[in-house]
Amino acid sequence: ALLKLYNFLNKNYSNMFRHAITRLPTAPFVMSVHIRCLSALSNVRTQIQNELKAIEAAGTYKRERVITSPQAARVTIKGRDTPLLNFCANNYLGLSSNKEVLAAAQSALTTHGAGMSSVRFICGTQDIHKELEQKISTFHQREDSILYSSCFDANAGFFEAFLNEDDVLISDTLNHASIIDGIRLCKAKRARYEHMNMNELETHLRDNQTARRRLVVSDGVFSMDGDIAPLKDILFLAEKYHALVFLDECHATGLFGKSGRGTEDYFHVIGKVDVINSTLGKALGGASGGYTTGPKEVIDLLRQRSRPYLFSNTLPPPMVAGASKVLDILMRSSQLTEKLANNTNRFRDKMTSHGFKILGANHPICPVYLGDARLATEIAEDMLNRGIYVIGFSYPVVPEGKARIRVQLSAVHSSEDVDTCVNAFVEIGKSKG
């Protein structure tokens with residue numbers, strides 16, 4: 001095809017083409033290189049096209065729906081006339097479009113600008129960044145905190161800065177992809193224990209007593225299964241074997257536990273975990289941003305060595321102000337977390353009574369287990385046609401043969417909203433046999 005194009009240009013635009021080519025002293029070589037490069041790109045395109053066809057044939061191709069409204073209990077989708085009940089967002093407390101949060105963000109846009117065009121240590125630290133870090137520390141009852149552009153960046157920036165080749169890192173096999181990618185960047189010895197298997201964890205701790213530092217790494221809440229790390233057992237083993245505990249709390253901060261302080265709150269052990277990473281992009285306003293909170297010395301070290309912090313732009317002022325307002329709301333009342341817990345229990349109880357298998361426990365992530373990837377995709381589409389917005393998850397997001405539809409409850413869902421979702425599942429389930 002490339003040779004045909006070359007011949008076409010040479011034939012139809014010969015004077016211009018030849019003039020351009022002959023002016024190059026290495027014209028034959030240049031044309032040869034261009035043809036080889038274009039040929040290589042053509043091969044890559046073909047390879048990727050085949051990969052995409054295989055994904056689609058397996059029923060796991062992911063298509064993005066375009067939302068034309070704010071994130072809320074009901075959203076509008078491009079191409080659809082009526083709003084959909086939204087049961088697939090991380091908007092656990094419904095604060096993504098809260099009036100107080102929006103007003104704070106809009107005010108900061110006026111007073112502090114759209115962005116800083118700088119990293120923190122050059123000229124990118126404003127008073128509101130320090131205020132938010134202090135509020136995060138107060139909320140988690142920690143000494144200090146550091147902001148990142150996302151929790152993915154926080155995970156990418158922590159392990160490399162904190163650990164070296166004399167340390168050992170022991171990780172749950174189902175930890176989030178951002179944790180796994182962050183671990184890959186560090187030089188520490190790595191060990192993995194089967195998901196929530198405390199016997200395996202203890203074996204790894206016992207076998208690595210000569211390491212300078214032993215760090216146990218886990219999600220607080222595992223986002224695909226909705227299950228909760230056995231934190232009390234992890235803390236017991238960590239104390240027994242002189243290890244530290246790191247917890248990713250993205251699906252716990254603001255929404256889990258009586259006061260919304262996450263997995264520590266749920267198990268009544270606030271302050272016991274050594275280092276917590278979490279996000280501002282879910283319950284805490286839903287915009288973007290992440291953070292690490294813990295001992296002051298650890299945070300100071302991250303400010304000096306954490307590459308995503310040192311080489312990424314500062315979090316924009318409107319996002320900072322919005323998240324700060326969310327923390328104000330959470331620290332003055334537990335009303336939203338209580339409403340979310342009630343909605344969660346209602347959905348889980350009703351679905352279970354109709355024979356559905358709901359993974360996890362006591363968490364607003366309620367994965368409806370189906371197994372088959374194509375079935376999960378089909379049911380999600382049927383739900384959409386009934387006005388319920390949910391998403392099917394399959395490989396590679398979850399292991400092969402363990403597809404599910406992840407339903408996520410929010411504090412802004414009414415009891416009627418929850419019942420509508422349950423009834424739709426029941427009716428579609430009957431139609432699928």
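The bridge partner of V168 is K189, a residue of strand β5. This pair belongs to a set of five bridges that join strand β4 (residues 168-172) to β5 (residues 189-193), the two strands running parallel. Strands (E, at least two residues) and helices (H or I, at least four) are DSSP runs numbered from the N terminus, and two strands count as paired if DSSP finds at least two bridges between them. Between β4 and β5 the chain passes through helix α8 (residues 177-184), giving a right-handed β-α-β crossover; with the strands pointing away from the viewer, such a path from the first strand over the helix to the second runs clockwise.

The structure is a predicted model, in which local features need pLDDT of at least 70 and side-chain atom pairs count only at pLDDT 80 or more, whereas totals for chains, interfaces and linings use all residues. Residues are numbered from 1 along each chain as its sequence is written, and side-chain values use heavy atoms, with hydrogens and water left out.

The chain holds 17 helices and 15 strands, and its C-alpha atoms fill a box of roughly 80 × 60 × 55 Å along the principal axes. Of its 433 residues, 48% are buried, that is, under 20% relative accessible area with a 1.4 Å probe and protein chains only, where over 50% is exposed and in between is partly exposed. Among contacts (heavy atoms within 4.5 Å) with a separation of 6 or more, 70% join residues 24 or more positions apart.

Strands β4 and β5 are part of an open sheet of seven strands with mixed pairing, in the order β3-β11-β10-β9-β6-β4-β5. The edges are formed by β3 (144-148) and β5; each has a single partner strand, so one side of each lacks a neighbour in the sheet. From one strand to the next, the twist averages 20°; such angles run from 0 to 180 degrees between N-to-C directions, with axes fitted as lines to C-alpha atoms, for helices over the stretch in contact.

D144 is bridged to G294 of β11, and Y148 to G290. Helix α6 (residues 127-140) packs on this sheet, touching β3, β10 (275-279) and β11, and its direction makes about 125° with that of β3. Strand β11 also pairs with β10, again antiparallel, over four bridges, and here G290 is the partner of T279. Five of the five residues of β11 are buried. Side chains in a regular strand alternate between the two faces of the sheet. In β11, G290, T292 and G294 point one way, while Y291 and T293 point the other way. Elsewhere on the sheet, helix α9 (residues 198-207) lies across β4, β5 and β6 (214-219), running at about 160° to β5.

A further open sheet consists of three strands in the order β12-β15-β14, with antiparallel pairing. Its edge strands, β12 (365-371) and β14 (391-393), each pair on one side only. Direction ignored, neighbouring strands of this sheet are turned by 30° against each other on average. Six bridges link β12 with strand β15 (residues 403-408), and V368 stands opposite I405 of β15. Helix α15 (residues 335-353) packs on the sheet through contacts with β12 and β15, its direction making about 25° with that of β12.

Not counting residues up to four places away in sequence, V407 touches F87, F347, P364, I365, C366, V368, V390 and F425.

Nine of the 12 residues of α7 are buried, so the helix is largely enclosed by the rest of the structure.
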